[in-house]
Amino acid sequence: MKVEVLKENLKTSLNVVEKIVGKNLSLPILDNVLINTEENFLNLNSTNLEVAIKIWVLAKIIKKGKVVIPGKFLSSFISSLPNEKILLEEKNQNLYIECKNYKNNIQGFNPEDFPIIPEFKNIEFLEIDNRKLCQGLSQVVDIANLSQARPEISGIYFSFFKNILKIVATDSFRLAEKNISLENSIEKEISFIVPQKTAKEIVNILDEKEGKTKIYILPNQVMFEFPMKEFFHPQVQIISRLIEGEYPNYQEIIPNKFQTEIIIKRDEFLEQIKTASLFSGKLNEIKIKIESEKKEVQICAQDPDIGQSQSSVLAKINGDSLEISFNYKFLIDGLLKIKSSEVSFNISKEDGACVLKSIGDTTYTYVVMPIKSN
């Protein structure tokens, strides 16, 4: 292999693929990046066996070939070079690198030992706007929780039907659902569960870039493919295994009748919860007291070793007065995902699920369970 490539393009590509490369004691080959030639491009590959990333970068191909090189080391080294053309040449599984006044070589490994990354050829795909997908995943991805007993809730649930994509995540204490409109209608429901780590990589790589993501689905795997033309890359592919199992019937958890309905200013509510959290103790518990007649919501917390906190905010309240406790972290997480100036905070009953929604945006629903009183 012998190629010429611009330093900035190679650096950008390595920054993408090396994200999933780490120290793997049982399979050291996974610490590496596979680089091979394809027509006028270098193709860079990395994998941790759960997720793989492939990216193409424009290059002048002098001689075809491939090489496997430690990913994080190569990324750091290329970043240190001047912003010039780089000559890469493979000799006896090692990579020789020339750039201006620099001449270096890095020891590589046998490309035949690098895991085979699945190909997705001649299959149909779904398509979705990059920004919608990125924003939607950002609102749910942190909520999923690793669980060996219930692996299905370790991932992000995708459900395509008609002209809507539903993206859902839960950790059994809270749940978030985001509805995204599609340009094309899908007659038969298509659903799958993507590992949380994969979803986070999609958000990191997309970063709300313009364009459309193509989604290819096989029985046990999925591929997300999107263009990166601003960096002269024809495309990036994220290939991931799917989590087996059936996702919980989460819609049964979302209440549609409420004992008390509140419309409250988001920022003021959020700041008072953050203040009360300093007094919440080891259980992270704060109490929300709804005074229906006063049209007031009180936020209280007490720690016997520190003291107590009480504050209040005016709100539009429809329903009963009540008192209910929450893990403050769960409330803050939900409020941070909502960007409107006001939110609806609806309580089904004193020990039942509560729903946070944006005023003016019905596409996002955040459900949180209270801390049950003894």
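First, a cut-off I need: I call a residue buried when its relative accessible area is under 20%. With that, β18 comes out mostly covered, as seven of its eight residues are buried. I keep in mind that this is a predicted model.

**Entry: around β18**

I looked up the partners of β18 on both sides. β17 and β18 run antiparallel and are joined by five bridges. I288 has I299 in β18 as its bridge partner. Four residues sit between β17 and β18 in a hairpin, and K295 in that turn has a positive phi of about 55°.

I checked V297 and found V313 in β19 as its bridge partner.

**Entry: the core**

Which residues touch the most other members of the largest nonpolar core? I got F158, I288 and V297, out of 95 residues in that core. I then listed what V297 contacts, skipping neighbours within four places in sequence: I262, I264, F269, I288, K289, I290, S311, S312, V313, A315 and I317. Another core of eleven residues lies apart from the largest one, and I29, A52, V68 and I239 are among its members.

**Entry: the ten-stranded sheet**

I wrote down the strand order of the open sheet as β11-β12-β23-β22-β21-β16-β19-β18-β17-β20, ten strands with antiparallel pairing. Its edge strands are β11 (155-170) and β20 (322-327), each pairing on one side only. From one strand to the next, the twist averages 30°.

I zoomed in on one pair in this sheet. Strand β12 (residues 174-195) pairs with strand β23 (residues 361-368) over five bridges, in the antiparallel sense. There, R174 stands opposite V368 in β23. I also noted helix α4 (residues 196-206), which lies across β11 and β12 and runs at about 70° to β12.

**Entry: α5**

I did a quick length check on this helix. Helix α5 (residues 266-277) has twelve residues and should span 16 Å at 1.5 Å a residue; its end C-alpha atoms are 16 Å apart, so the two agree.

Next I asked which residues of α5 are buried. My list reads R266, F269, L270, Q272, I273, A276 and S277. These residues cover an arc of only 165° around the axis, so they are on the same side of α5. A reminder to myself: an α-helix has 3.6 residues a turn, so residues three or four places apart point the same way.

What covers the buried residues of α5? The cover includes β16 (260-265), β17 (285-291), β18 (296-303), β19 (307-319), α6 (328-336) and β21 (342-347).

**Entry: the five-stranded sheet**

I found an open sheet of five strands in the order β5-β1-β7-β8-β9, paired antiparallel. β5 (60-63) and β9 (102-106) are at the edges with a single partner strand each, so one side of each has no neighbour in the sheet. Direction ignored, neighbouring strands of this sheet are turned by 20° against each other on average.

Strand β1 (residues 2-6) and strand β7 (residues 85-91) run antiparallel, joined by five bridges. I noted E4 standing opposite L87 in β7. Helix α1 (residues 7-17) packs on this sheet and touches β1 and β7, its direction making about 90° with that of β1.

**Entry: two single residues**

I picked N36, which is in strand β2 (residues 32-38). Is N36 buried or exposed? Its relative accessibility is 13%, so N36 counts as buried. Leaving out residues up to four places away in sequence, N36 touches F41, L42, N43, N45, G65 and K66. I also took one distance: N36 and Y102 are 66 residues apart in sequence and 23 Å apart in space, C-alpha to C-alpha.

Then I164, which belongs to strand β11. With a relative accessible area of 27%, I164 is partly exposed. I164 touches S159, N179, I180, S181 and L182, not counting residues up to four places away in sequence.

Methods: Residues numbered from 1 in each chain as written. Predicted model: local features only at pLDDT ≥ 70, side-chain atom pairs only at ≥ 80, totals over all residues. Heavy atoms only, no water. Core = buried A, V, L, I, M, F, W, Y, C linked by side-chain atoms within 4.5 Å. Buried < 20%, exposed > 50% of the residue type's maximum accessible area, 1.4 Å probe, protein only. Contact = heavy atoms within 4.5 Å. Helix = DSSP H or I, 4+ residues; strand = E, 2+ residues; numbered from the N terminus. Expected span 1.5 Å × (residues − 1). Arc of directions from axis to C-beta. Pairing = 2+ DSSP bridges. Axes fitted to C-alpha atoms, helices over the stretch in contact; angles between N-to-C directions.
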